[in-house]
Amino acid sequence: MDTEASLGSLPGTGRPVPEAEPSVVQQWSSGGGELIELLSLVRERFGGIAAFRLGPAPAVLVTDPHAVQHVLARHPERYVKRSHRARVLIGDGVLAATGAAWKRQRRLLQSQFTGTGMRRYEQRITEAARTTAARWDGFARAGQDLDVGQEMRRFAVDVIWRSLTGHPLDDGTERELAAVAAVAAALPTLPADVTDAQDAVAADLARIDAVARHAIEAARSGAAGPDGPGLLHVLIDAADERPEYTDQLIRDELVTLLVAGHETTATTLTWLYLLLDRHPAAREQALAAGGEGSAERRQAIQALIHETLRLYPSAWILPRQANEDDILADYAVKAGTDILVCPYLTHRDPELWPDPEHFDPRRFTTPGGRPPHPGAYFPFGIGPRACLGLQFALCESTVLLEHLLPAHTPAFSSTPAKAVYGITVRPDGPTPATLESPLTPG
């Protein structure tokens, strides 16, 4: 592994970015650690903007809030996405698209996730939450074990499937869509060559393509589901006027929405329940904040979600590349430099968040409890490429917890010992539990 050379400064402008000495990278490499361990070490020793090398290309870690905002929000045209690591799964969907194609695709979908667009899906979210609540009632009555992570994944897939197609999730579709999670989990270990990567997960991709093809054909036939037309119908209607919306692009957008619409929500909800298992008073405080359906209880539940996202942000790392020379917080960055913006580390910076490893939802309900700078908390990114589904994810998580928290508390028989840093930060292992039905405040 090449760990030599330095970034240096631009002539007459900016200082050199502080660079981790080769021994830091070599120490990490010899230990066989994960990337997050190296980034944590670099951040601890060299601060919120620091350079290091993993091979021939320079890389700069960015965790300082002002620099985060500079890269993601103020100058996104200077710091661009090269390619999305999930492209083998999502193709040219909006998450992977760049340039003019991204602008067109984002514009089409934007209206579906704000204001009036969101209101179209609120009833579908509520129905999916009621379905999950009924399942949990059944588990509790039967004294049957469940896996909390699997339950959160089923709920999130049900929500996005209803929103896409107008149909509730059935058992057969759920089984086939398990291939989405399988490919997503495999992405960090797939070969770099696209063809080789596709070959490695060919069977799962074929299952995903079959589900997508069937859903597209059903929507194109004009048959809306019991909940009415969904996002898929919006994409199909777009094809009438926009030739770029081929069946392949519709498939890519469908799969992108499936991945983005369930993976992050399911993971966040799983972490939240694991955190509540260690901090049961936080659940009691949220329920005591107000009666059922009250704005006060909803705000307190959303604080649980936000604090979980602080510790385990949906996008734990946001890679960019500088496409021109720039000055970043008085430091010189050369064109071609890889930029790694890391919400995970920003959210755990003790200079921004006192006692950052402690789970404390009151940070989001107490005045002054969180840093005011927008670059200090950005679990879904910030700027023009911030996650489209931020409000959607917050809504579905809140509605589900309003149904589940008062009725049941999972008692875990075992919990994962560590996290896995893939597309999301997810628990490394199953989350088996039985359900208790406590007396609750309010």
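**Entry 1: two aspartates in loops**

I started with aspartate 355, which lies in the loop between helix 15 (343-346) and helix 16 (390-404). For helices I used DSSP runs of H or I with at least four residues, and for strands runs of E with at least two, numbered from the N terminus. I was looking at a predicted model, where local features need pLDDT of at least 70 and side-chain atom pairs count only at pLDDT 80 or more, while totals for chains, interfaces and linings use all residues. Residues are numbered from 1 along each chain as its sequence is written, and side-chain values use heavy atoms, with hydrogens and water left out.

Is aspartate 355 buried or exposed? Aspartate 355 counts as exposed because its relative accessibility is 53%; buried means under 20% relative accessible area, exposed over 50%, and partly exposed in between, with a 1.4 Å probe and protein chains only. I also noted its phi, near 50°, a positive value in a residue other than glycine.

Next I looked up aspartate 330, in the loop between strand 6 (326-328) and strand 7 (331-333). Aspartate 330 is not a glycine, yet has a positive phi of about 75°. At 53% relative accessibility, aspartate 330 counts as exposed.

**Entry 2: two threonines**

Threonine 424 sits in the loop between strand 10 (419-421) and strand 11 (425-427). I found it buried, with a relative accessible area of 4%. Which residues does threonine 424 touch, not counting those up to four places away in sequence? I listed Glu263, Thr264, Thr267, Ser314 and Trp316, taking contact as heavy atoms within 4.5 Å.

Threonine 165 belongs to helix 7 (residues 148-165). Threonine 165 counts as buried, at 7% relative accessibility. Its side chain reaches the backbone oxygen of tryptophan 161 at 2.8 Å and the backbone nitrogen of histidine 167 at 3.1 Å. Leaving aside neighbours within four places in sequence, I saw threonine 165 in contact with Ala215, Gly225, Gly228 and His233.

**Entry 3: a buried arginine**

Then I turned to arginine 283 in helix 13 (residues 280-288). Arginine 283 counts as buried, with 8% relative accessibility. What lies 2.8 Å from a polar atom of the side chain of arginine 283? I found the backbone oxygen of leucine 405 there.

**Entry 4: helix 3**

Why is helix 3 (residues 65-74) largely enclosed by the rest of the structure? Seven of its 10 residues are buried, so the rest of the structure largely encloses it. I wrote down the buried ones: Pro65, Ala67, Val68, Gln69, His70, Val71 and Leu72. At the start of helix 3, a side-chain oxygen of aspartate 64 comes to within 3.1 Å of the backbone nitrogen of histidine 66.

**Entry 5: the whole chain**

Last, I stepped back. I counted 16 helices and 12 strands in the chain. Of its 442 residues, 53% count as buried. The C-alpha atoms fill a box of roughly 65 × 55 × 40 Å along the principal axes. The chain has a radius of gyration of 22 Å, which agrees with the value near 22 Å for a compact globule of 442 residues; the radius is taken over C-alpha atoms, and the globule rule is 2.2 Å times the number of residues to the power 0.38. Among contacts with a separation of 6 or more, 72% come from residues 24 or more positions apart.

Methods:
A polar contact is a pair of N or O atoms within 3.5 Å; within protein, one must be able to donate a hydrogen and the other to accept it, and residues adjacent in sequence count only if both atoms are side-chain atoms.
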